[in-house]
Structures are given as structure tokens and as C-alpha cells.
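Thanks for coming. I will go through one structure today, residue by residue and then helix by helix. Please have a look at it first.

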Amino acid sequence: MAKGRRQVPDGFRRTGAGVELRLPRLEAALLSELVGQIEVLLEPPPVEDPLEAMVGLRDTAPPPPDDPALARLLPDPYPDDPLASGDFRRRRTDDMIARKRDAARRVLASVPAPGEVLLLDEESAQDWLTTLNDLRLVLGTRLELTDDDSAQELDGLPADDPRRPVVAVYGFLTELLDELITALP
Amino acid sequence: VSVTAVSPVDVEDIEETLDDDRPWVTIVWNDPINLMSYVTYVFQKLFGYSEVKARKLMLDVHRKGRASVSVGTREEMERDASRLHAYGLWATVAQD
């Protein structure tokens, strides 16, 4: 696991009214862009059987995700039991995707404009937590973070390493998430 | 709200529970992305564990690579794993 870092200029603050969020213009735009991409990534898998598709029911398991980032968002609870794993996907994948997409959509709709303050209630705080974390999971998987050593390696990348911009965004999300956790009651 | 059809696998699950009453567990695995503070928070939030207990479990995951975070029936453990997945933790279900 990684250790959090501090110091986002605006970000999440705990006040008497609850948890507040302020974001400078560029950060707000960056965050909206990233959250929008989560929705694209979390496209529900098509229902293959025409009859099932027609009645809107899934009776056969969707295949496991090909994309490693998507697979990281939808872990397999039965890695040693393909039958149980397929049955779990049949029953749970659509719900999990809908849940994550809905949270991302609510976050996207609530990103505060520059100069504005977002006041988070209990539910919206959970939406922000899980969505920021999902974004870190996606970027971390793209950066091929597979163990604690590979995570440390990212701190010392040379200036011309193509991963540096993504690492910077990943760091921004890490700071924001850590700040939200600290601000929560 | 989703509609879940009853399948032969669900029936099999019930038989399994009848023959074999070893408890099921939900296991959380270490990963290099989830923050230590986040994992501790999620254990408190989802299971109502004290901060001390949540932190101990988090450190078990971090140092030993995995920890059992809840015990119960297979259905309960699947529900716990799904709740952990919703929070982005890498959770699996197994019989103890």
C-alpha cells in the first residue's frame, strides 16, 4: 500500500458545516475530464443472448474484463473457481458497474466551479471517496503498479520518462483523496 | 433494482452449505495503490470496526499480503466482498 501525501492548495476542509471542497480552475477541469473517462471505461458489457437483451435480463455471465484497469475495478472474488466466478459476474457485474457509474456521474455534476464551495453530505462524501479511488486504481494500473516496490520507483523517474505526466496526475488524486479521508468525521 | 434469476448454481450453493459447515471468509489482498489511510477508513466504515482494529487489519494486509476481514455464510461474504469492491479494495471469498 502507498502512504498518502499532503498539501493541496484548496481541496477538502472540515468545517462546522461539514466537509467543504474548493478547487482552482485547472484542477476542476482536470478532475471533470478524468471522472468523465471513468464513465466511458465503465460501459456495461453487452447482453449477448438476443432474448435476454430483449427482456433486459442477464442469464449468462458476461466474460471477465480484458482491460486490466477495468478488471481492477471489478475484482474476481473466486479466482480459483471459474464456475463460481462466472456466476458472480452474472449476478453482480451489472450492479457494480451501475453503482460506480452513478457515483462518478454525481461527482461530475458536483465538481465546484472556481470560487465556489461544495458542501459534502455523508452520501456525496462517499461518492467522492470511491470515485477518486477508482481513478487512482485506473491510473495506477496503467502505470503498472504491481507491488510496493514499483510504487516507490515512480518517485524517482528521470525527466524524460513518458510516465511522468500520468504520475503527476496520480499524485494529485492521491493528495486529494488523502485530504478527504482526513477531513471526514 | 435488478432482477436475479435462480440458477442451478444457486441450488448447488445451498447443498454445499448443508454438507459442509466450515465458515466462509472475506479476504482483502495487499495492493500498491490503495492508501493505508483509505483502507483503514473503509474497514471502519463497512464493518463498524474500531480504529485500532481497522488499523491492525490494514497493517496485516500491508505486511502479510492478505487478511481475513469478516467471517460468515457464503452469501454474507459475497455481499461483504461486493461492498469492498465498491470501495475499490481487492477482496476474495473462500471457505476457511
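I start with S70(B), which is found in strand 2 (residues 66-72) of chain B. Helices and strands here are DSSP runs, helices being H or I with at least four residues and strands E with at least two, numbered from the N terminus. Before going on, the conventions: this is a predicted model, where local features need pLDDT of at least 70 and side-chain atom pairs count only at pLDDT 80 or more, while totals for chains, interfaces and linings use all residues. Residues are numbered from 1 along each chain as its sequence is written, chains are lettered from A and ligands numbered from 1 in the order in which they are written, and side-chain values use heavy atoms, with hydrogens and water left out.

Back to S70(B). Is this residue buried or exposed? S70(B) has a relative accessible area of 8%, so it is buried. Buried means under 20% relative accessible area, exposed means over 50%, and partly exposed is in between, with a 1.4 Å probe and protein chains only. The side chain of S70(B) is joined to that of D80(B) by a polar contact of 2.8 Å. A polar contact is a pair of N or O atoms within 3.5 Å; within protein, one must be able to donate a hydrogen and the other to accept it, and residues adjacent in sequence count only if both atoms are side-chain atoms. Not counting residues up to four places away in sequence, S70(B) touches W24(B), V25(B), T26(B), F47(B), Y49(B), M77(B) and D80(B). Contact means heavy atoms within 4.5 Å.

Now chain B as a whole. Its secondary structure comes to four helices and three strands. From the N terminus on, the order in chain B is α-β-α-α-β-α-β. Chain B has 96 residues, and 52% of them are buried. Of the contacts in chain B with a separation of 6 or more, 68% are between residues 24 or more positions apart.

The next residue in chain B is D31(B), in the loop between strand 1 (24-29) and helix 2. D31(B) counts as buried, at 7% relative accessibility. Which side chain in chain A does the side chain of D31(B) make a polar contact with? The partner is R72(A), at 3.4 Å. Within chain B, a polar atom of the D31(B) side chain lies 2.8 Å from the backbone nitrogen of N34(B). D31(B) and D60(B) are 29 residues apart in sequence, and their C-alpha atoms are 12 Å apart in space.

That brings me to helices from both chains. Two packed helices are described by the angle between their axes and the distance between the axes. Helix 5 (residues 122-142) of chain A packs with helix 2 (residues 36-47) of chain B at an angle of about 140 degrees, and the axes are 13 Å apart. Axes are lines fitted to C-alpha atoms, for helices over the stretch in contact, and angles run from 0 to 180 degrees between N-to-C directions. Helix 5 of chain A and helix 2 of chain B are therefore oblique to each other. Under 35 degrees counts as roughly parallel, over 145 as roughly antiparallel, 65 to 115 as roughly perpendicular, and the rest as oblique. On the chain A side, the contact is made by E122(A), Q126(A), L129(A), T130(A) and N133(A) of helix 5, and on the chain B side by Y38(B), Y41(B) and K45(B) of helix 2.

A second pair lies within chain A. The axes of helix 1 and helix 7 (residues 164-183) of chain A come within 12 Å and cross at roughly 100 degrees. That makes helix 1 of chain A roughly perpendicular to helix 7 of chain A. Here E27(A), L30(A), L31(A) and L34(A) in helix 1 meet V169(A), F172(A), L173(A) and L176(A) in helix 7.

From that list, E27(A) is in helix 1 (residues 25-41) of chain A. E27(A) is partly exposed, with a relative accessible area of 23%. E39(A) is also found in helix 1 of chain A, and at 15% relative accessibility E39(A) counts as buried. The side chain of E39(A) makes a polar contact of 3.3 Å with the side chain of R105(A).

Last, E144(A), in the loop between helix 5 and helix 6 (148-153) of chain A. E144(A) is not a glycine, although it has a positive phi of about 60 degrees. With a relative accessible area of 61%, E144(A) is exposed.
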